[in-house]
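Q: I would like to go through this structure step by step. Could we start with the terms?

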Amino acid sequence: MIVVSDSSPLIVLATVGELELLRELFGEVLVPGRVWDEVCQADRPGTESIQSADWIRTIAVADDSYLMALRTEIDQGEAEAMVLAADVQADFLLLDERRARSLALSLGFEVIGVVGVLLRAKRSGLLAQVRAVLDRIRAETEFRIGKRLYDDALRTAGES
């Protein structure tokens, strides 16, 4: 299975101590250079665990017209993640930002966000409770999970 990630799933899961869920679910996770730079900022929570994860592999992305076109719509890291996902024919693109998700879906990518990762982890028996992790994400990170998404996730997880 080939999985490419943008920065937010890595940062959020690393911050709350759940980065290993990605390895357990997907094995290896590929990231473009710009995403690696974003997640490895010295002052960012979770940086150490991301840098020490030998199953996260950085791959360079060519600065071509496809990347340039995407950068007019979304930020550099998201654009590079989409280009890499297309280049390697990724099975999944880990992405959370609404505008980027919408664009990725319209381009035919299979998109999963942080909440989707947690739900997959619970279904796979890797996570006992989604609610506890969602609550930690809401309390310990700047990642926004709206009430509707929170409630839908708990209902899907059988925790409502």
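A: Buried means under 20% relative accessible area, exposed over 50%, and partly exposed in between, with a 1.4 Å probe and protein chains only. This is a predicted model, in which local features need pLDDT of at least 70 and side-chain atom pairs count only at pLDDT 80 or more, while totals for chains, interfaces and linings use all residues. Residues are numbered from 1 along each chain as its sequence is written, and side-chain values use heavy atoms, with hydrogens and water left out.

Q: Are Phe 26 and Phe 92 buried or exposed?
A: Both Phe 26 and Phe 92 are buried.

Q: How many aromatic pairs are there?
A: The structure holds 1 aromatic pair. Rings of Phe, Tyr and Trp (its six-membered ring) pair if their centres lie within 6.5 Å; planes under 30 degrees apart count as stacked, over 60 as edge-to-face and the rest as tilted. The ring centres of Phe 26 and Phe 92 are 5.9 Å apart and the planes stand at 45°, so this pair is tilted.

Q: And which parts does the pair tie together?
A: Phe 26 is in helix α2 and Phe 92 in strand β4, so the pair ties together parts 66 residues apart in sequence. Helices (H or I, at least four residues) and strands (E, at least two) are DSSP runs, numbered from the N terminus.

Q: Which residues touch the most other members of the largest nonpolar core?
A: Among them are Leu 10, Leu 118, Ile 137 and Phe 26, in a core of 41 residues. Such a core is a set of buried Ala, Val, Leu, Ile, Met, Phe, Trp, Tyr and Cys residues joined through side-chain atoms within 4.5 Å.

Q: Which element gives the largest share of this core?
A: That is α8, with 6 residues.

Q: New topic: what is the volume of the largest pocket?
A: It is about 930 Å³, where a volume is the space filled by probe spheres set on grid points joined across faces, edges and corners. On a 1 Å grid over the protein atoms alone, a pocket is an open set of points where a 1.4 Å probe fits, with protein on both sides within 12 Å along at least five of seven lines; lining residues have an atom within 4 Å of a point.

Q: What lines the largest pocket?
A: There are 28 lining residues, and Ser 8, Asp 96, Glu 97, Phe 143 and Arg 144 lie nearest its centre. Helix α1 gives the most to this lining, with 5 residues.
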